[in-house]
Amino acid sequence: MLNIDKIRNGIVIDHIRAGQGIRIFNWLGLDKASYTVAFVVNALSKLMGKKDVIKIDTAIAINFDVLGLIDPNITINIIKDQVVIKKIKLQLPERVENVLICKNPRCITSTEKYINHVFYLDNSGLRTYRCEYCDDIRSADDFRK
């Protein structure tokens, strides 16, 4: 059995769908971190079968909307003095800004670079989003780094 010490203060990103943890690890730039990070792949889970887990031994700012796009079943545990003080259950965000990019060449975001890319949840079952300006459809999996 793999044993990773408890963290004193920081964040645990738990219940990541097995294989998706690397996307989060890379998106957060944790490979360049100066603090301790534990990245567990394919951990056994009673609920999920297998899951990925990321433990970060410091408090960092995280865009929960992007994490919700990657995997809406993620749980964020905020740790203080080795105790979980807050649990955050993620979900698909209703609206995202500058996370998905509209690929429609006729969209105003293609010609006016200062305009934010705004998408609204179109279909939660299919995990699709609709551009606010041109109705172009993007998958949640198309998020940009």
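Q: How many bridges join strand β1 to strand β4?
A: Five. This is a predicted model, and in it β1 covers residues 10–17 while β4 covers residues 75–80. The two strands run antiparallel.

Q: Which residue of β4 stands opposite V12?
A: N77 does.

Q: OK, zoom out. What is the strand order in the open sheet?
A: The order is β2-β3-β1-β4-β5. That makes an open sheet of five strands, with antiparallel pairing.

Q: Which are the edge strands?
A: β2, residues 37–45, and β5, residues 83–89. Each pairs on one side only.

Q: And what does the twist average?
A: From one strand to the next, the twist averages 20°.

Q: What holds strands of a sheet together, in general?
A: They pair through backbone hydrogen bonds, parallel or antiparallel.

Q: Switching to β6. Which strand do bridges join it to?
A: β7. Three bridges link β6 (residues 95–97) with β7 (residues 118–123), and the pair runs antiparallel.

Q: What is the bridge partner of E97 there?
A: V118, in β7.

Technical notes:
Residues are numbered from 1 along each chain as its sequence is written. This is a predicted model: local features need pLDDT of at least 70, side-chain atom pairs count only at pLDDT 80 or more; totals for chains, interfaces and linings use all residues. Side-chain values use heavy atoms; hydrogens and water are left out. Two strands pair if DSSP finds at least two bridges between them. Helices (H or I, at least four residues) and strands (E, at least two) are DSSP runs, numbered from the N terminus. Axes are lines fitted to C-alpha atoms, for helices over the stretch in contact, and angles run from 0 to 180 degrees between N-to-C directions.
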